[in-house]
Amino acid sequence: MGTGQVVETLLEDGFRLARISCAANLIPSAGQYTLAGAASDAPLPVPLFHTDSAPEGFITASPETESWNPGQRLFLRGPLGRGFNVPLSARKVALIAFDGSPIRLRGLIRPGLNQGAAVVLVGNFSVEQLPDEVEAQPLAALPDILDWADCLAFDVARENLFELRETLGALKQLPALEEAQVLIRTSVPCGGVAECGVCAVSLKFGWKLACKDGPVFEWKEL
Ligand code: FES
């Protein structure tokens, strides 16, 4: 638990990003989240995902933060949940926004490039502000991307998980899927404290909570 502050807001590819300053131990890794409320008793804190690193904090984006302005004080709890784990041996990393914005996957771009991997961002979105080394591809390129990559990171809404299973099910023999990880987007109102169950995800064997067992799951579990 701690506090932070919105230092500035930025417009990037149609998204309003917020640069947050906070203690290092409150910064989520890619795929993890930190719950933030604009007041200590905020009824529903919002999850902040790591979009990029920044001095003394991190950059984040979510629809809920649109109303925040520079100077906004935040009450933070986190980092929470399980994030992405890109193997150091990965050389061809595909970040796939299956049904929406790539914003929660962007936190993997710098670590991927830093370890010498080629990075491709896949999805049906318009993106202009990418490092020169990163390629953007539409979702239609997914079969080729799955063939090419040795590490896959997906972002999908919980309600679209069935569709993702259908899409990948036909390709389940691909070796890259052995290492694939999936961030499941769902609301996480209590962050696991109250065991409210709102974030429950149906897996191959039983149920798990996205707020603390995820939000990133191994594809094999799904
Ligand atoms: S958000 Fe309440 S149990 Fe997951």
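In the predicted model, seven strands form an open sheet. Their order is β4-β3-β7-β1-β2-β6-β5, and the pairing is antiparallel. The edges are taken by β4 (46-49) and β5 (52-54). Each has a single partner strand, so one side of each is left without a neighbour in the sheet. From one strand to the next, the twist averages 40 degrees. Strands of a sheet pair through backbone hydrogen bonds. Within this sheet, β3 (residues 33-37) and β7 (residues 73-80) run antiparallel and are joined by four bridges. Leu35 stands opposite Arg77 in β7.

The largest nonpolar core holds 57 residues. Leu95, Ile96, Leu152, Phe154, Leu164 and Leu222 touch the most other members. Residues come to this core from both domain 1 (2-80) and domain 2 (92-185), so the core lies between them. In soluble globular proteins, nonpolar side chains tend to be buried together.

Pro87 lies in the loop between β7 and β8 (92-97). The relative accessible area of Pro87 is 26%, so this residue counts as partly exposed, a class that runs between the buried limit of 20% and the exposed limit of 50%. Leaving aside residues up to four places away in sequence, Pro87 touches Gln115 and Cys151. Pro87 and Arg165 are separated by 78 residues in sequence. In space, their C-alpha atoms are 23 Å apart.

Key. Residues numbered from 1 in each chain as written. Predicted model: local features only at pLDDT ≥ 70, side-chain atom pairs only at ≥ 80, totals over all residues. Heavy atoms only, no water. Pairing = 2+ DSSP bridges. Helix = DSSP H or I, 4+ residues; strand = E, 2+ residues; numbered from the N terminus. Axes fitted to C-alpha atoms, helices over the stretch in contact; angles between N-to-C directions. Core = buried A, V, L, I, M, F, W, Y, C linked by side-chain atoms within 4.5 Å. Buried < 20%, exposed > 50% of the residue type's maximum accessible area, 1.4 Å probe, protein only. Domains from an automatic or database assignment. Contact = heavy atoms within 4.5 Å.
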